[in-house]
Amino acid sequence: EMEVRIEKYKEEYKKVFYDLNVEWLQELFVVEPADEKVLLHPEKVVNEGGEIFFAVIENEVVGTCAIVHHEVNKEGETFHLYELCKLTVAKKYRGKRIAQKLMNVAIEWVKSKSISKESEDRAIILFLETNTQLRDALHMHKKFGFVETTLRELGLEAKYESADLVMRIPNIKEFKS
């Protein structure tokens, strides 16, 4: 059994973050401007209240998962939306539950934001955009408790051509891994 470590973003992971994601996007879809925005500037994701996680085996990065922070004002209330995105695992390491590990750490990270002191009065929502063709991913999202929603419900504009489904975790505070 290979030991998988989950690490947070550091500068030396910038290129592999781009490469791993572009590899799978090109396999299935195209790389869109909204993808490039995140992939070319991972440090911005972190500086703006998000985080990026990396699955590492020995010294090889084999998977990534990003959490992008968005602030949305709806009816005078500020909502903190955390978007789970850029979840991918290198081809030869797929099917080894690495995506689940990444997702678990990412969700727990958002959950910790939702129960930390400064967020008592904050609405925290974790969502993702996906494509219904990605059956395995869909199955995994449902197992983690994601349910269907819409961008309008979240107060967001559409930004991905290839996404035809939006999902969220209804109550992040009660998430159990």
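Tutor: A residue is called buried under 20% relative accessible area, exposed over 50%, and partly exposed in between, with a 1.4 Å probe and protein chains only. The model is a predicted one, in which local features need pLDDT of at least 70 and side-chain atom pairs count only at pLDDT 80 or more, while totals for chains, interfaces and linings use all residues. Residues are numbered from 1 along each chain as its sequence is written, and side-chain values use heavy atoms, with hydrogens and water left out.

A salt bridge is taken as a side-chain nitrogen of Lys or Arg within 4 Å of a carboxyl oxygen of Asp or Glu. By this rule there are 7 salt bridges. One of them joins Arg5 to Glu7, with the closest N and O atoms 2.8 Å apart. Arg5 is partly exposed, at 34% relative accessibility, whereas Glu7 is buried, at 16%. Arg5, Glu7 and Lys10 are linked in a network of salt bridges.

Helices (H or I, at least four residues) and strands (E, at least two) are DSSP runs, numbered from the N terminus. In helix 1 (residues 14-28), Lys15 and Asp19 are 4 residues apart, which means that about one helical turn separates them. Their closest N and O atoms are 2.5 Å apart, and they form a salt bridge. Here Lys15 counts as exposed, at 58% relative accessibility, and Asp19 as partly exposed, at 32%.

A further salt bridge runs between Glu129 and Lys159, whose closest N and O atoms are 3.5 Å apart. Because Glu129 lies in strand 5 and Lys159 in the loop between helix 6 (151-154) and strand 7, this pair ties together parts that are 30 residues apart in sequence. Glu129 is buried, with a relative accessible area of 16%; Lys159 is partly exposed, at 34%.

Lys111, in helix 4 (residues 98-115), is buried yet has no salt bridge. Lys and Arg count as positive and Asp and Glu as negative, with His and the chain ends not counted; the nearest side chain of opposite charge to Lys111 is Glu108, 4.5 Å away. Contact means heavy atoms within 4.5 Å. Beyond its neighbours within four places in sequence, Lys111 is in contact with Ile172, Lys173 and Phe175.

Two strands pair if DSSP finds at least two bridges between them. The model has 7 strands in an open sheet, ordered 1-2-3-4-5-7-6, with mixed pairing. Its edge strands, each pairing on one side only, are strand 1 (4-8) and strand 6 (147-149). Strand 1 pairs with strand 2 (residues 51-57) in the antiparallel sense, over 5 bridges, and Lys8 stands opposite Phe53 in strand 2. Helix 5 (residues 135-143) packs on the sheet and touches strand 4 (77-89), strand 5 (123-130) and strand 7 (165-169).

A nonpolar core is a set of buried Ala, Val, Leu, Ile, Met, Phe, Trp, Tyr and Cys residues joined through side-chain atoms within 4.5 Å. The largest such core has 51 residues, and Ile67, Leu84 and Ile98 are among those with the most contacts inside it. Helix 4 supplies the largest share of this core, 8 residues. Apart from it lies another core of 10 residues, including Val72, Ile125, Phe127 and Leu151.

Definitions and conventions:
Axes are lines fitted to C-alpha atoms, for helices over the stretch in contact, and angles run from 0 to 180 degrees between N-to-C directions.
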